[in-house]
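Student: I would like to work through this structure slowly, one question at a time. Could we begin with the terms and then move on to what the model shows?

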Amino acid sequence: MRMLMCFAVGIWLQVVSNESTFGQQSSGPTLSVMSFNIRYGTANDGDNRWELRRDLVVKTVEDCSPDLLGTQETLRFQADYLQQHLPEHAYFGRSRDQQPDQGEECGIFYLKQRFEMVQSGQFWLSESPDEVASKSWDSSLPRIATWLLLKDKANNNRELLLLNTHFDHRGEQARLESAKLIRKWLEENYQQHPIVITGDFNCGVDSKPYEWLTRQDSGLTLTDTFRFISPERTQTEGTFNGFRGSKDGARIDWVLCSEHFRIESASIVHSNDNERYPSDHFPITSELSWRD
């Protein structure tokens, strides 16, 4: 089993890992998944603005070496910079706004050598999911889910569905309806497929959206990888740090997976360079292996 031990220059990246019994035997290379809210590149963040931390973002990704990376708050110039400095990865993303290259993307990076894209798409988290830039309920902004159907060439060309999303930061009803929409979409289109979900959900693990996505009363079972590895909830598992490194908030960033995978490890990556952080969110990682 390849362990997710991530280091950066002068930095210790905390890793929470454990052996698991999720699934039975596993085969082939493991699958390293990362979710990372990289913070808008145009935000007025002073000493934490994009130009001063972009190389630390790249370094953090490189050190964790993900096979699959779901990003949030990604603007096109940020995606271009990351793709330039992560040349082994391909990128797929589209803006949530009318113009496809203007506005936030929930972009996905994947290893070109390992994966072949079979299908791709995006839908809006609204009552009209096929309508570009649509929003509903009490959502403050258009919100999206971006997805890829990928063929894993390192595991007998097995297909998996990766979905990456970012829920609204204000609308409580919108977050719940978004969770319901995503679950319904998965059940109607990819219930029999192996599924991985990455995202910033802007709500904690005691919320209704979390309960809805991880409910096990239908044919689709999605498991929170971090909670599986670390069953006991602690006061230091928050993922929004506000560039201050605080760990006591809610765990609002998750990696979920279907029961086609064995969960080998999961981590919250507390990466910093002398207390300078790559983003106002801690990235999260999970290592999965295919279940036979």
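Tutor: Let us start with a term: a residue is called buried when its relative accessible area is under 20%, and exposed when that area is over 50%. Please keep in mind throughout that this is a predicted model.

Student: Which residues of H1 are buried?

Tutor: The cut-off to apply is a relative accessible area under 20%. In H1, the residues that count as buried are Trp-50, Arg-53, Leu-56, Val-57, Val-58, Thr-60, Val-61, Asp-63 and Cys-64.

Student: What does the side chain of Thr-225 make a polar contact with?

Tutor: Thr-225 lies in helix H5, and at 1% relative accessibility it counts as buried. Leaving aside residues up to four places away in sequence, Thr-225 touches Val-255, Cys-257, Ile-263, Ala-266, Ser-286 and Leu-288. The polar contact, at 2.5 Å, joins the side chain of Thr-225 to the side chain of Ser-286.

Student: Which elements give two or more residues to the lining of the largest cavity?

Tutor: The count comes to 1 cavity of 30 Å³ or more, and about 60 Å³ of space lies in the largest cavity. Its lining has 13 residues, with Phe-226, Arg-251, Asp-253, Ser-267 and Ile-284 nearest the centre. The elements that give two or more residues to this lining are helix H5 (225-229), strand S12 (253-258), strand S13 (261-268) and strand S14 (284-291).

Student: How many residues of each class are in that lining?

Tutor: Each residue of the lining of the largest cavity is sorted by class as nonpolar, polar or charged. The lining of the largest cavity then has 6 nonpolar, 4 polar and 3 charged residues.

How values were computed
Residues are numbered from 1 along each chain as its sequence is written. This is a predicted model: local features need pLDDT of at least 70, side-chain atom pairs count only at pLDDT 80 or more; totals for chains, interfaces and linings use all residues. Side-chain values use heavy atoms; hydrogens and water are left out. On a 1 Å grid over the protein atoms alone, a cavity is a set of points where a 1.4 Å probe fits but cannot get out, and a pocket is an open set with protein on both sides within 12 Å along at least five of seven lines; lining residues have an atom within 4 Å of a point. Grid points are joined across faces, edges and corners, and a volume is the space filled by probe spheres set on the points. Helices (H or I, at least four residues) and strands (E, at least two) are DSSP runs, numbered from the N terminus. Ala, Val, Leu, Ile, Met, Phe, Trp, Tyr, Cys and Pro count as nonpolar, Asp, Glu, Lys and Arg as charged, and the others, Gly among them, as polar. Buried means under 20% relative accessible area, exposed over 50%, partly exposed in between (1.4 Å probe, protein chains only). A polar contact is a pair of N or O atoms within 3.5 Å; within protein, one must be able to donate a hydrogen and the other to accept it, and residues adjacent in sequence count only if both atoms are side-chain atoms. Contact means heavy atoms within 4.5 Å.
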